[in-house]
Amino acid sequence: MTKFYRMSKPQISVVITVYNEEDNIQPLLEQTYAALAAIDYEVILIEDGSTDRTVAEVKKYANSRTKLIIFNRNFGQTTALAAGIDMATGEYICTMDGDLQNDPTDIPVMLQKAIDEEWDVVAGRRANRKDGFVLRKIPSKIANWVIRNTTKVYLKDYGCTLRVYKAEIAQGMGLYGELHRFIPVLAMQQGAKMTEMDVKHHPRIHGESKYGLSRTFKVMSDLILMLFFQKYFQRPIHLFGGIGIIAFMIGLLINLYLLILKIMGEDIWGRPIMILGFILVLGGIQFITTGIIAEIIVRTYFESQDKTTYSIKAVYRGEKVEVRNTKSEV
């Protein structure tokens with residue numbers, strides 16, 4: 001039986017999520033070990049509640065540099081990535097899928113690029129995708145275009161899981177829900193210096209794809225959340241308060257107009273514009289109240305956990321020795 005133990009700090013931790021990938025495990029591990037032979041590495045596999053023999057296959061072929069995290073049920077790719085990143089001890093962290101569509105031979109090249117050119121994140125870009133054109137490529141291109149132009153994080157391929165990060169960037173992102181598609185946006189919020197490079201992509205041979213057109217709605221919902229995080233996470237009153245003030249003022253003007261008509265003797269009862277005026281006034285008050293409550297929650301979030309609203313990349317201290325004039329006056 002293979003023993004799993006915590007090693008001294010390796011140069012890179014490779015985090016791989018697997019779910020019902022029993023036929024892929026042996027070639028996946030063999031290819032990964034071969035690709036990383038010249039590097040001090042660890043491999044962390046997160047088994048996300050598989051119902052097949054994935055766990056047994058990992059235990060059969062894992063070497064002494066491999067850790068296996070077994071979930072008691074399926075939590076999803078984002079949670080699996082978060083668990084693997086939390087367990088990683090390497091100076092750099094690489095993420096990739098366990099379906100053999102990513103190629104482990106790209107990892108050393110990406111790592112070297114990150115080190116030589118001092119990148120915080122090196123993202124893979126599938127140069128020649130081996131997926132279906134209608135169900136995978138077209139939706140992916142549309143999603144990439146929308147995300148790129150709304151978040152202003154200009155990557156061409158948000159769907160490629162193969163990425164190399166500095167450990168402090170990866171472990172500071174805070175992955176929740178299904179935000180793995182927006183990892184580059186989360187990294188950019190920390191001020192990460194990021195680049196892309198072409199990587200190899202292979203067709204799926206074993207197992208079934210876990211993606212489909214149904215994920216489009218999830219991506220759009222997560223995109224709204226990411227845009228909120230980007231612009232208003234630390235100042236939610238600017239969003240809710242702004243909408244509330246505009247709605248309240250429009251509603252107030254409508255009600256003043258109707259009041260003038262009433263004073264002039266006109267019947268205003270039952271007019272749709274009157275209902276609209278009341279809705280806008282009440283809605284405006286609710287938005288403003290929501291903004292105030294959100295501000296209190298944000299302050300509690302930061303202050304209760306001693307979190308800061310900023311991140312410091314490095315602190316430098318001058319090495320020049322101060323020479324003091326100690327000559328005494330006579």
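1. Isoleucine 273 touches Ile254 and Leu258, not counting residues up to four places away in sequence; contact here means heavy atoms within 4.5 Å. Isoleucine 273 is found in helix H10, residues 272–304. From isoleucine 273 to leucine 258 the separation is 15 residues in sequence and 8.6 Å in space, C-alpha to C-alpha. Isoleucine 273 has 34% relative accessibility, so it counts as partly exposed. The classes are buried for under 20% relative accessible area, exposed for over 50%, and partly exposed in between, with a 1.4 Å probe and protein chains only.

2. The model is predicted: local features need pLDDT of at least 70, and side-chain atom pairs count only at pLDDT 80 or more, while totals for chains, interfaces and linings use all residues. Residues are numbered from 1 along each chain as its sequence is written, and side-chain values use heavy atoms, with hydrogens and water left out.

3. The chain has 10 helices and seven strands. Helices (H or I, at least four residues) and strands (E, at least two) are DSSP runs, numbered from the N terminus. Of the 330 residues in the chain, 42% are buried. Among contacts with a separation of 6 or more, 77% are between residues 24 or more positions apart.

4. Seven strands form an open sheet with mixed pairing, in the order S3-S2-S1-S4-S6-S5-S7. Two strands pair if DSSP finds at least two bridges between them. Strand S3 (66–70) and strand S7 (194–199) stand at the edges with a single partner strand each, so one side of each has no neighbour in the sheet. On average, neighbouring strands of this sheet are turned by 20 degrees against each other, direction ignored.

5. Strand S1 (residues 12–18) pairs with strand S2 (residues 41–47) in the parallel sense, over seven bridges. Isoleucine 12 stands opposite tyrosine 41 in S2. The charged end of arginine 65 sits over the ring of tyrosine 41, 4.7 Å from its centre. The rule is that NZ of Lys or CZ of Arg is within 6 Å of the ring centre and within 35 degrees of the ring normal.

6. Which strands does helix H1 lie across? Helix H1 (residues 25–35) lies across S1, S2, S3 and strand S4 (92–97), and runs at about 160 degrees to S2. Helix H3 (residues 77–87) lies across S1, S2, S3 and S4, at about 155 degrees to S1. Axes are lines fitted to C-alpha atoms, for helices over the stretch in contact, and angles run from 0 to 180 degrees between N-to-C directions.

7. The largest nonpolar core has 35 residues, and those with the most contacts inside it include Ile46, Val121, Met173 and Ala187. Such a core is a set of buried Ala, Val, Leu, Ile, Met, Phe, Trp, Tyr and Cys residues joined through side-chain atoms within 4.5 Å. H3 gives the most to this core, with five residues. Leaving aside neighbours within four places in sequence, alanine 187 is in contact with Val121, Ile169, Met173, Ala192 and Met194. Another core, of 32 residues, lies apart from the largest one, and Ile25, Leu68, Leu162 and Val164 are among its members.
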